[in-house]
Amino acid sequence: MAASVGFVPEGTGPTITPAEREAFRQAGCLIKHDFFNRQEVNAMQRQLQLIVESGYFYDQCERPELGVHLQLHELSECSRLFRSLPWAPQCVHAVDKLIGPAPAVVHLDQSFVKPPRVGLGTAAHQDNHYFRVSNPLEGVALWIAVDDATTDNGTMRLYPGTHRHPTLPHTRDGYSNHLMSCAASLEDKVGVPCCTKAGGVV
């Protein structure tokens, strides 16, 4: 039987408390509900729709019979809104409280779009397989739920505490033209679903 992998700490609002920082450092993750307000979410939704309609996303799935998995690297190159997003006050505050205070560099911004009924999920992976940060807690990824993220529509699942161990072996995802997966090393574990309304972040 698959084993649960632990607890994902949660909080509400854009402010990171000392308790949330400590929970983040222990679990390696943190859900913050209502991190962005409704006006900000509406703006992000409109911008993403325009970017999709403009054809900037590409389907990185090599097996179209399975479905669609749209990806866009360098989202900031297509939108001044997303270019400025890392410097929004709540983002600067969060990064400072979680891994600072220290100068921060934006390493990557990207977006995935998974259309209803045909959208494919992203295989289990560790971001640090790509980034190679010597101490994972010296970097932070901010995953934004632009739409409500639920177990029914395939929200992200996390494996708390895995940041405290060496990066797992990764192999090419079975359908992707470049994405990597560590799913084979997690077969006996059950990820914790990260459910949050649009505007929440992980």
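Where is Ser79 placed? Ser79 sits in the loop between β5 and α3, in a predicted model in which local features need pLDDT of at least 70, side-chain atom pairs count only at pLDDT 80 or more, and totals for chains, interfaces and linings use all residues. Residues are numbered from 1 along each chain as its sequence is written, and side-chain values use heavy atoms, with hydrogens and water left out. Helices (H or I, at least four residues) and strands (E, at least two) are DSSP runs, numbered from the N terminus.

Ser79 is buried at 3% relative accessibility; here buried means under 20% relative accessible area, exposed means over 50%, and partly exposed lies in between (1.4 Å probe, protein chains only). Between Ser79 and Gln47 the C-alpha to C-alpha distance is 7.3 Å, although 32 residues separate them in sequence. The loop between β5 and α3 (80-84) also holds Glu74. Glu74 has a phi near 55 degrees, a positive value in a residue other than glycine, and its relative accessibility of 38% makes it partly exposed.

Most residues other than glycine have a negative phi, and most peptide bonds are trans. Arg117 belongs to the loop between β6 and α5 (127-131) and is exposed, with a relative accessible area of 84%. A cis peptide bond, with omega about -5 degrees, connects Gly100 to Pro101, and Pro101 lies in the loop between α4 and β6.

That loop, between α4 (89-99) and β6 (110-113), contains Val106 as well. Val106 is partly exposed at 39% relative accessible area. Together with Trp87 and Val92, Val106 makes up a nonpolar surface patch with about 280 Å² of accessible area. Patches consist of residues with over 30% relative accessible area and no salt bridge, in which like charges are joined within 9 Å and nonpolar side chains (Val, Leu, Ile, Met, Phe, Trp, Tyr) within 5 Å. The areas come from the Shrake-Rupley method with a 1.4 Å probe, and for residues only the protein chains shown count as cover.

An open sheet is formed by 3 strands in the order β4-β5-β6, with antiparallel pairing. β4 and β6 are the edge strands, each with a single partner, so one side of each has no neighbour in the sheet. Strands are taken to pair if DSSP finds at least two bridges between them. Strand β4 (residues 58-59) meets strand β5 (residues 70-73) over 2 bridges in the antiparallel sense, and Tyr58 has Gln71 of β5 as its bridge partner. The antiparallel pairing of β5 with β6 runs over 4 bridges, with His73 opposite Gln110 of β6.

Among the side chains, 1 aromatic pair is counted. The centres of the Phe35 and Phe36 rings are 5.1 Å apart and the planes stand at 80 degrees, so the pair is edge-to-face. The rule pairs rings of Phe, Tyr and Trp (its six-membered ring) if their centres lie within 6.5 Å, with planes under 30 degrees apart stacked, over 60 edge-to-face and the rest tilted. Phe35 is buried at 3% relative accessible area, and Phe36 is buried at 4%.

Charged side chains contribute 4 salt bridges, each defined by a side-chain nitrogen of Lys or Arg within 4 Å of a carboxyl oxygen of Asp or Glu. One of them joins Glu65 to Arg63 (3.0 Å, N to O); Glu65 is exposed at 57%, while Arg63 is partly exposed at 37%. Another joins Lys197 to Asp148 (3.9 Å, N to O). This pair links distant parts of the chain, 49 residues apart, with Lys197 in the segment after β11 (192-193) and Asp148 in the loop between α5 and β7 (157-158). Lys189 also bridges to Asp188, with the closest N and O atoms 3.4 Å apart.

For Cys61, the nearest cysteine sulfur is that of Cys182, 19 Å away. Cys61 is buried at 10% relative accessible area. For Cys78, the nearest is that of Cys91, 19 Å away, and Cys78 is partly exposed at 25%.

Conventions. A disulfide is a pair of cysteine sulfur atoms within 2.5 Å.
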